[in-house]
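Dear colleague,

I am passing on the structure we talked about, with the sequence alongside. My notes on what I found follow directly below.

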Amino acid sequence: MAQPLSAERLKRAYRQMKTIREFEERLHVEIATGEIPGFTHLYAGQEAVAVGVCEHLDDADYIVSTHRGHGHCIAKGCDVDGMMLEIYGRADGLCKGKGGSMHIADVEKGMLGANAIVGGGPPLAVGAAIACRNRGNGKVSIAFGGDGSCNQGTVFEAMNMAVVLKVPAIFVIEDNGYSEHTGASYAVGSKDIAGRSRAFGMAAEKCDGADFFSVYETVGRLIDSARRGAGPATLEAKITRFYGHFEGDPQLYRARDEVKQQRATMDCLKNFRARVTQEGRLTDADLDAIDTAVLAQIDAAVAKAKAAPPPAESEITTDVYISY
Amino acid sequence: MAQKSFRDALNEALHLEMERDPSVIVLGEDVSGGAGGTSGNREASGGIFGVTKGLLPKFGEHRVIDTPISESAIIGAAGGAALAGLRPVAELMFADFVGVSMDQIFNQMAKFRYMFGGKTRCPAVVRLAMGAGMNMGAQHSQTIYALLTAVPGLKVVVPSNAYDAKGLLIQAIRDDDPVMFFEHKALYPRKGEVPDGAYTIPFGEANLLREGEHVTVVAIGRMVVFAEKVIDALAKEGITCDLIDPRTTSPLDEETILESVENTGRLVVVDESNPRCSVASEICAVVAAKAFRSLKAAPRSVTAPHSPVPFARELERAYVPGPTRIEAAIRDVMQD
């Protein structure tokens, strides 16, 4: 069994979750000003999943992400300033302003990209898992996806191929209740995502996505098995998103007060704080200090992004090829 | 120099590159074949066209990967493996199956480097068997390199002979960008002189196969074989042609084509694809825009008609551009 997390590790996990939360809460405010171009899909509410998974990983493990990718990027170690610059479309953004919110990547960190095609990532994760298997280094490849993605054929293909090739791929399905503007209870025919994955011949477990410890411990078992050569697995995390499909989504499909209630009962940060303070592992003061530091970090990132220059027009045709 | 088939030249390229670089892997349906079969023959196929023969016994199952029939996952796995530092060569079997894997080709591997701000590479090769002439019907016979030539981020290779096939495939595997490698099915058995060792042919450098005065003929893939025959016959009548094989449609060696047209003043492009938005129409457009004053005649293109590939022998024979139509086009362009 995994050792209980040290105080330092707990602080780190909290800081990661808090960073994601404040990053997204601030974007929610800034997007309303019209300064940020394009489509943005916020991850607020789901932080415990990204962090609960990525706390098991290092730079040599891979993840692929989704259109709702900011949380996965931060959890995997992408630079927060670089991400903010990218979302603002700035020259010094993590992707030089050419990717945007839906394409943030940092391959050096094992972050193989957010992905604007629902279901686009899992086949890529299988490829990265082949690389891990062939290197024999015990590394794993994680495919994050939502309840919507798990109705895409590409995900079924990827799951089956991962089982056939017995590669260390973990499919993390974050069921946030909605595939865009349609309920998962309608769109997921079997209502049982883990059960579907099991039918492909892999281990699959469910966890409470609002509880960091539930995610961390459950996926930890699956990742450990994959590192030891047991092949792929699926984690189904029940969770909610605190905002719409995209910023500006009026969310007419959600009951009045749904989000208010979920913020009261399904907030991973509150849950984490309650547990670690009750158990005497961290104090409120420890966590408050992190909150203050994170807010300052996000303030600084936004200020930097607002002041930064856009990419030069000559950048349009660079980076299409390495040589041409 | 040894005579080798187009198929064996490709096979040799794969053997050589897999020996040279342990990060090269091959994946696809039946690339070795026999997994899960009852005969126990673990290399029951070696690729449906035999191009991947002998790889499994030499390099093992971790590098020669038989996949389920899951084209999106095959191409996606190639893209992901390439991002993660391998050099995958994915076999799509029939080029027509681009239809079920298009997202992974044109939204994913083609765009990674750009979307990620130039901070990654995706050295994946996708091998696609193309072309009509074997009565395989409308979903196993298409010539669709134009679809992928139109996509920024992809390189597109269409070899016409065994020597080029080997050198271009080695180049494709060593190249750091994603490469779509089209192999005409009718060329697989055709032999040519092929050296034993490894060599590369750079992309974007056309091959000037014949030199003449009157007409510039640009032919692609299998069409080069027909064009050579026609041009050699016409030379006896005193009609002489430059024959240019672009070898890659992306990048396209416009310079060689334009230089030739500046000398001849006449252009015929031979392309097995459907005519609209084709490489043929692209080359005609480039010449019209950039060598207009050199033209003595309107450019001609010889392509398949705007129809799916028909099945019946008689229909398919008429569908594929052949020597008769190429000759007619060359004679016609001489009349203007």
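In chain A, the buried residues of helix H9 pack against helix H1 (7-31), helix H2 (47-54), strand S3 (169-175), strand S6 (203-208), strand S7 (233-238) and helix H11 (268-278) of that chain. Please bear in mind that this is a predicted model, for which the predictor gives the complex an ipTM of 0.95 and a pTM of 0.97; in chain B the mean pLDDT is 97, with 100% of the residues reaching 70 or more.

H9(A) itself covers residues 212-227, and its 16 residues reach 21 Å from the first C-alpha to the last, close to the 22 Å expected. Among its buried residues are Phe212(A), Phe213(A), Val219(A), Leu222(A) and Ile223(A), and the helix is followed by Gly229(A), whose phi is positive, near 100°.

Val219(A) is also one of the residues in contact with Val172(A), as are Val49(A), Phe144(A) and Leu235(A), once neighbours within four places in sequence are left aside. Together with Ile170(A), Val172(A) touches the most other members of the largest nonpolar core, which has 203 residues. Domain 1 (3-193) and domain 2 (207-335) of chain B both contribute residues to this core, so it lies between them.

In chain B, five of the five residues of strand S11 (241-245) are buried, so the strand is largely enclosed by the rest of the structure. Cys241(B), Leu243(B) and Asp245(B) point one way from S11(B), whereas Asp242(B) and Ile244(B) point the other way. S11(B) pairs with strand S9 (207-210) in the antiparallel sense over three bridges, Arg210(B) being the bridge partner of Leu243(B), and with strand S10 (215-219) in the parallel sense over four bridges, where Val218(B) stands opposite Ile244(B).

With best wishes

Definitions and conventions. Residues numbered from 1 in each chain as written. Chains lettered and ligands numbered in written order. Predicted model: local features only at pLDDT ≥ 70, side-chain atom pairs only at ≥ 80, totals over all residues. pLDDT = per-residue confidence, 0-100. Helix = DSSP H or I, 4+ residues; strand = E, 2+ residues; numbered from the N terminus. Expected span 1.5 Å × (residues − 1). Buried ≥ 20, exposed ≤ 12 C-beta atoms within 10 Å, placed from the backbone. Contact = placed C-beta atoms within 7 Å. Core = buried A, V, L, I, M, F, W, Y, C linked by C-beta atoms within 7 Å. Domains from an automatic or database assignment. Pairing = 2+ DSSP bridges.
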